[in-house]
Amino acid sequence: MIQLPFPVRDANAAGAAAPLGDLPEWNLDDLYTGVDAAELKRDLDWLEQACASFAKDFEGNLAELDAGGFLDCVLRNEKINQIAGRIMSFAGLRYYQLTTDADRAKFMSDLQEKITNFTTPLVFFTLEINRLADDHLDGLYAQNADLARYKPVFDRVRAMKPYQLSDELEKFLHDLGVVGDAWERLFDETIAGLEFEVDGETLNIEGTLNLLTDPERSKREAAARELAEVFSSNIKTFARVHNTQAKEKEIIDRWRGMETAQLGRHLSNQVEPEVVEALRNAVVAAYPKLSHRYYELKRKWLGLDKMQVWDRNAPLPLEDNRIVDWAQAEKMVMDAYNAFDPRMGQIAEPFFRKGWIDAAVKPGKAPGAFAHPTVTNVHPYVMLNYLGKPRDVMTLAHELGHGVHQVLAAEQGEMLSSTPLTLAETASVFGEMLTFRRMLDGAKDDAQRKVLLAGKVEDMINTVVRQIAFYDFECKLHAARRGGELTPDDINALWMSVQAESLGPAFEFMDGYETFWSYVPHFVHSPFYVYAYAFGDGLVNALYAVYAEGDAGFEDKYFEMLKAGGSKHHKELLAPFGLDASDPAFWDKGLSMISGFIDELEAMEA
């Protein structure tokens with residue numbers, strides 16, 4: 001039992017609207033039973049030896065291997081990835097449960113350094129693959145079907161060929177990676193350790209952000225102002241982290257000859273820059289008919305002359321503010337999944353029964369939510385910070401969708417299961433849509449339907465409009481950093497330059513809101529990740545339209561798409577549904593679903 005270092009308000013605490021029930025915690029025993037587990041030492045010893053022998057057997061020899069020898073090389077590399085991934089999944093998940101614990105941080109850091117040292121000799125593998133001629137690889141694929149399965153992996157590796165550095169420099173960068181990880185940990189530990197005083201209570205960041213959805217406007221304002229105060233007090237640290245990470249990226253990109261800061265993300269996502277640009281332009285052009293129009297409606301519903309930032313996620317006046325306990329949340333999501341296809345429910349059910357979800361808000365726990373796939377011979381783990389709001393139910397549906405996707409893709413094996421970020425959001429957003437549609441169909445009256453529609457529109461705006469505004473902020477941040485060190489005021493100005501444009505004229509912005517870029521973890525951990533959310537939402541909206549039209553065999557095609565993992569390009573995956581993300585009209589089709597919901601809300605006002 002962990003002794004809590006300070007009192008924290010959560011929905012199970014005294015004075016909360018209703019108890020949440022028994023919230024599940026992770027059981028990490030399927031990875032390792034503890035930090036002293038014999039299996040962990042065994043795997044570390046094996047990994048050290050396996051990496052050394054792999055380098056000894058194959059470095060400088062890839063061009064001489066026949067198809068069978070090359071397949072053996074690939075399978076050995078895959079096993080190394082699996083063992084290393086299992087070790088770091090265990091260390092990382094333990095850390096995220098309590099990021100303020102020095103022993104957990106040290107354990108993860110020490111393991112990361114060991115594995116970095118063990119795997120440095122393996123850097124040659126991708127470098128030598130990129131030196132092989134296309135016809136040589138094609139010949140090997142033709143000789144061995146099992147090897148040919150891995151062609152998508154080699155295609156991704158070879159996409160980096162124009163940007164590859166010398167073997168020596170690539171090894172240097174591999175070793176240097178632990179330094180960047182240290183800046184990420186500084187960010188995580190700083191965020192997790194922040195304390196916020198609101199109405200005499202000491203809260204962590206999740207509890208404080210949760211107050212921005214409180215029915216009482218004064219409480220929302222108090223939370224927003226306290227967030228601004230605490231962020232401002234720590235702004236030099238956050239600015240230092242962002243400056244350092246952006247500069248490191250700029251140096252590496254410059255040496256690699258990458259034309260833009262975004263290109264590396266596009267390559268890893270296996271998506272063409274022009275497709276992302278078409279998405280971005282479509283969303284920005286739609287701001288007036290999406291966010292601007294919706295927030296003007298909400299301003300009227302709230303009876304305000306101007307909305308403040310603490311009103312953005314305010315509940316509607318007629319909204320039912322009851323707390324959704326954990327058992328209800330599970331039933332809502334599982335009913336929606338099972339109604340779509342019982343196979344989906346069967347895959348999701350063990351998450352609730354076997355300690356694969358960690359749901360409670362706890363001091364020191366990492367903020368936000370995620371689904372971590374671990375490795376293909378274990379299972380994913382889902383992290384939530386569940387406070388019983390309707391949005392938390394949607395977050396559960398979202399992360400569970402990731403989990404289902406990861407389970408299905410695992411049969412591809414370690415090197416082919418990983419899905420590009422642009423497609424990784426497909427099952428999660430689809431899971432949300434299934435849950436929302438089921439709730440909408442069950443609405444008792446127009447008032448409840450209005451609340452559900454408005455909530456879904458807000459979620460979609462947060463997923464599409466807000467994330468594209470985040471993407472624009474990152475583009476501006478990295479471009480500006482190339483010109484020199486950025487002060488906190490510089491970064492604040494870049495943040496505000498995208499806020500009014502995306503949110504619209506219904507808003508005013510309080511002093512201090514300019515610092516709210518500082519708590520977004522994606523900017524630090526995964527630069528330019530954020531457009532994947534908008535990509536996924538637009539894709540799912542188009543996909544759901546096909547499903548709603550009664551496309552024959554949709555469920556089977558959907559499961560095949562998820563099972564493919566990272567083995568197919570987005571064009572190939574979407575073709576069975578008659579969809580093509582490279583067509584600019586594709587994004588308008590997805591955005592029209594959001595616009596249609598707003599049309600319905602406006603019609604209710606007539």
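Keep in mind that the model is predicted, so local features need pLDDT of at least 70 and side-chain atom pairs pLDDT 80 or more, while totals for chains, interfaces and linings use all residues. Residues are numbered from 1 along each chain as its sequence is written, and side-chain values use heavy atoms, without hydrogens and water.

Now for the rings. The structure has 49 aromatic pairs, counted when ring centres of Phe, Tyr or Trp (its six-membered ring) lie within 6.5 Å, with planes under 30 degrees apart called stacked, over 60 edge-to-face and the rest tilted. Take W26 and F370: their planes sit at 45° with centres 6.2 Å apart, so this pair is tilted. W26 comes in the segment before α1 (38-58) and F370 in strand β4 (residues 370-372), so the link spans 344 residues (helices are DSSP runs of H or I, at least four residues, and strands runs of E, at least two, numbered from the N terminus). W26 is buried at 8% relative accessible area, whereas F370 is partly exposed at 21%.

Back to F554, whose ring pairs with that of F340: the centres are 6.4 Å apart and the planes at 80°, so this one is edge-to-face. F340 belongs to helix α15 (residues 326-340) and F554 to helix α25 (residues 554-563), so the pair ties together parts 214 residues apart in sequence. F340 is buried too, at 6%.

Note on methods
Buried < 20%, exposed > 50% of the residue type's maximum accessible area, 1.4 Å probe, protein only.
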